[in-house]
Amino acid sequence: MRSLEVRIGYVSQALAIYHNTPSSTFTYKRFKEGPYEESLEKAIEVGRRNLEATRRILYYNAAHGIRLYRLSSSLIPLATHPDVHIGIKEVYREQLAELGAFARRHDIRLSMHPNQFTLLNGSDAVVDAALRDLEYHADILDGMGMGSDCCIINIHVGGAYGDKTASAERLVSNLPRVPEHILQRLTLENDDKTYTAEETLSVCRRSGVPMMFDLHHDWCNPSARPGIDLLPQIAETWKGRPMKVHVSSPKNDKDFRSHADYVEAGPLLVFLKACKEEGLERLDVMVEAKRKDYACLKLAGDLSSVRGIKRLDGGILSM
């Protein structure tokens, strides 16, 4: 049986780096307090600081053997606001190019995850806003020179709007509106309340969009079939690209949907063994936990204590 390489990553902020957030904000309320050009330059400067924070995080990741990282969606404040116009690829050309070159040199797979309001199955106004937001995310990745093979923009199927079947169909029918350079990066994730893994998989198979399987969401919002039984079909949607999943542990039994500080290795280990038996050669595991980089490295350490699993680097395992 072939070995399975597992790459573990985390979201947005490295807590080990003191006072270094990539998500500093500049609100529209503050923007309106001054002259347009002056406020625009302040907003742009906040974006520069966020990108500098991201540079430090990528250096940290490379030094600690973490080859999977989700960029903050709040890197450039007000970038999608209709009254604020920031040409991301032009204004931040040098910084973005440097970040992309570093990520490629150190084989760090990047992703982005727009917020829950980025929906492609809502009203025309909602979809128009979603397309603007997706364009913003793509501009950042394009500015970094990162292609669809190494970068992902992940969203959920969306709202039910009283009829899940019809709403899912609306998403499929709206996909031709998504520009190709965005569509090539797009993935769809099962959520914790509305669209189950099985329902999301159906949309992905019809649309040709890879499925981002979230194990925790599958426990919160289970399908008729266990998510692990859907693994072969989910893997097929990735069409040869490394499959990626999201993992987290419930905060507690009462607050089951919220994320805990760390991730319990046991439930993930069951899934990893299934991936190995399925013949996957690589699986990317995004940790969604409150303790972020600490949780990522702890999970790698916990898994590597299991017989048959070897730790190749800080966040890379072989089994």
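## Close-up views of a predicted model

At 7% relative accessibility, Phe102 counts as buried. This is a predicted model, and the legends below take it region by region.

**View 1. Tyr59 and Phe102 form a stacked aromatic pair.** The structure holds five aromatic pairs. In this one, the ring centres of Tyr59 and Phe102 lie 4.4 Å apart and the planes meet at 5°, so the rings are stacked. Tyr59 belongs to helix H2 (residues 36–63) and Phe102 to helix H4 (residues 93–105). The two are 43 residues apart, and the pair links distant parts of the chain. Phe102 is buried. Tyr59 is partly exposed, with a relative accessible area of 39%.

**View 2. Tyr28, Phe31 and Tyr36 make up one aromatic cluster.**

**View 3. Helix H8 has buried residues along one face.** Helix H8 spans residues 197–207, and its buried residues are Ala197, Thr200, Leu201, Val203 and Cys204. Down the axis of H8, they fall within an arc of 160°, so they line one face of the helix. What covers them includes helix H6 (164–174), strand S5 (186–189), strand S6 (211–214), H9 and helix H10 (231–236). Just after H8 comes Gly208, with a positive phi of about 80°.

**View 4. The largest pocket holds about 850 Å³ of space.** Its lining counts 31 residues. Those closest to the pocket centre are His113, Gln116, His156, His259 and Glu288. By class, the lining has six nonpolar, 16 polar and nine charged residues.

**View 5. The second largest pocket has a volume of about 260 Å³.** Sixteen residues line this pocket. Ser73, Ser74, Ile76, Asn115 and Tyr136 lie nearest its centre. The lining divides into seven nonpolar, eight polar and one charged.

**View 6. One cavity of 30 Å³ or more turns up in a search of the whole structure.** The volume of the largest cavity is about 50 Å³. Its lining consists of Leu215, Trp219, Val247, Ser248, Ser249, Val263, Glu264, Pro267 and Leu268. Helix H9 (215–220) and helix H11 (265–278) are the elements that each give two or more residues to this lining. Six of the lining residues are nonpolar, two are polar and one is charged.

Terms used:
Residues numbered from 1 in each chain as written. Predicted model: local features only at pLDDT ≥ 70, side-chain atom pairs only at ≥ 80, totals over all residues. Heavy atoms only, no water. 1 Å grid on protein atoms, 1.4 Å probe; cavity = no way out; pocket = protein on both sides within 12 Å on 5 of 7 lines; lining within 4 Å. Points joined across faces, edges and corners; volume = space filled by probe spheres on them. Helix = DSSP H or I, 4+ residues; strand = E, 2+ residues; numbered from the N terminus. Nonpolar A, V, L, I, M, F, W, Y, C, P; charged D, E, K, R; others polar. Buried < 20%, exposed > 50% of the residue type's maximum accessible area, 1.4 Å probe, protein only. Arc of directions from axis to C-beta. Contact = heavy atoms within 4.5 Å. Phe/Tyr/Trp six-rings, centres within 6.5 Å; stacked < 30°, edge-to-face > 60°.
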